[in-house]
Amino acid sequence: LFVTRIDNYELMKRADFPFYAVGERGLTAAKQASPGDRAVLYVAGSVDCGFVGTFDLTSGVSTGGPRVFVRPLPNRLFWQPRTLLDRALPLRSCVQQLDFIKNKKNYGMAFRANIRELSVHDFEYLEDLMRLSKGTD
């Protein structure tokens with residue numbers, strides 16, 4: 001699970017989602033990611049927050065490149081989109097089914113980390129919901 005703010009999401013969207021930028025705080029977790037891993041992108045900090053897409057990672061962490069985000073985020077994980085939504089899938093619609101959310105009534109802490117490992121069940125559940133949601137738009 002990759003979490004980003006709405007302003008960084010808008011920049012990624014305009015650039016067709018070539019990579020996820022990682023600050024120093026998320027670098028340790030990012031280094032555990034490998035090419036071939038799958039990811040879910042969650043946009044936080046806005047009225048329209050929610051899950052917006054799934055991706056296949058195509059690289060490990062690389063450093064450098066032009067500054068394109070609001071804050072300096074020098075580390076990048078490159079990826080290819082699998083499923084992208086025009087509108088975010090609200091968290092409330094699926095919180096009860098997600099294993100990584102331990103406290104189903106107060107789940108904000110589950111999204112405090114920039115990067116979090118998901119179970120195969122959670123990834124497949126979210127991707128299936130996104131595909132269904134995309135089919136009904």
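This is a short tour of a predicted model, stop by stop.

Residues are numbered from 1 along each chain as its sequence is written. Because the model is predicted, local features need pLDDT of at least 70, side-chain atom pairs count only at pLDDT 80 or more, and totals for chains, interfaces and linings use all residues, while side-chain values use heavy atoms, with hydrogens and water left out.

**Stop 1**

Select strand E5, residues 75–89. Helices (H or I, at least four residues) and strands (E, at least two) are DSSP runs, numbered from the N terminus. Two strands pair if DSSP finds at least two bridges between them. Within E5, Phe78 stands opposite Phe19.

Next, show strand E4, residues 50–63. E4 and E5 run antiparallel and are joined by nine bridges. To find a bridge here, pick Asp56, whose partner in E5 is Gln80.

**Stop 2: the nonpolar cores**

Select Leu1, Phe51, Ile101 and Phe111: these have the most contacts inside the largest nonpolar core, which has 20 residues. A nonpolar core is a set of buried Ala, Val, Leu, Ile, Met, Phe, Trp, Tyr and Cys residues joined through side-chain atoms within 4.5 Å. Buried means under 20% relative accessible area, exposed over 50%, and partly exposed in between (1.4 Å probe, protein chains only). At least two residues of this core come from each of strand E3 (38–44), strand E5 (75–89) and helix H3 (120–136). H3 gives the most, with three residues.

A second, separate core has 17 residues; Phe2, Tyr9, Ala39 and Leu77 are among them.

**Stop 3: the aromatic rings**

Show the rings of Phe, Tyr and Trp (its six-membered ring), which pair if their centres lie within 6.5 Å; planes under 30 degrees apart count as stacked, over 60 as edge-to-face and the rest as tilted. The whole structure holds eleven aromatic pairs. One of them is Tyr9 with Phe17, a tilted pair at 5.9 Å centre to centre, with 45° between the planes. Both Tyr9 and Phe17 are buried.

Move on to Phe100 and Phe111, an edge-to-face pair at 5.6 Å centre to centre, with 75° between the planes. Phe100 and Phe111 are eleven residues apart, each in the loop between E5 and H3. Phe100 is buried, with a relative accessible area of 10%, and Phe111 also counts as buried, at 11%.

Then select Phe2, Tyr9, Phe17, Tyr20, Phe55 and Trp79, which ring pairs link into a cluster.

**Stop 4: the largest pocket**

Select Asp37, Arg38, Arg116, Glu117 and Leu118, the closest to the centre of the largest pocket among the 17 residues that line it. On a 1 Å grid over the protein atoms alone, a pocket is an open set of points where a 1.4 Å probe fits, with protein on both sides within 12 Å along at least five of seven lines; lining residues have an atom within 4 Å of a point. The volume of this pocket is about 390 Å³, taken as the space filled by probe spheres set on the points, which are joined across faces, edges and corners.

E3 and H3 are the elements that give two or more residues to the lining, and E3 gives the most, with three. The lining divides into eleven nonpolar, two polar and four charged residues. Here Ala, Val, Leu, Ile, Met, Phe, Trp, Tyr, Cys and Pro count as nonpolar, Asp, Glu, Lys and Arg as charged, and the others, Gly among them, as polar.

**Stop 5: Tyr125**

Last, select Tyr125 in helix H3. Tyr125 is partly exposed, with a relative accessible area of 23%.
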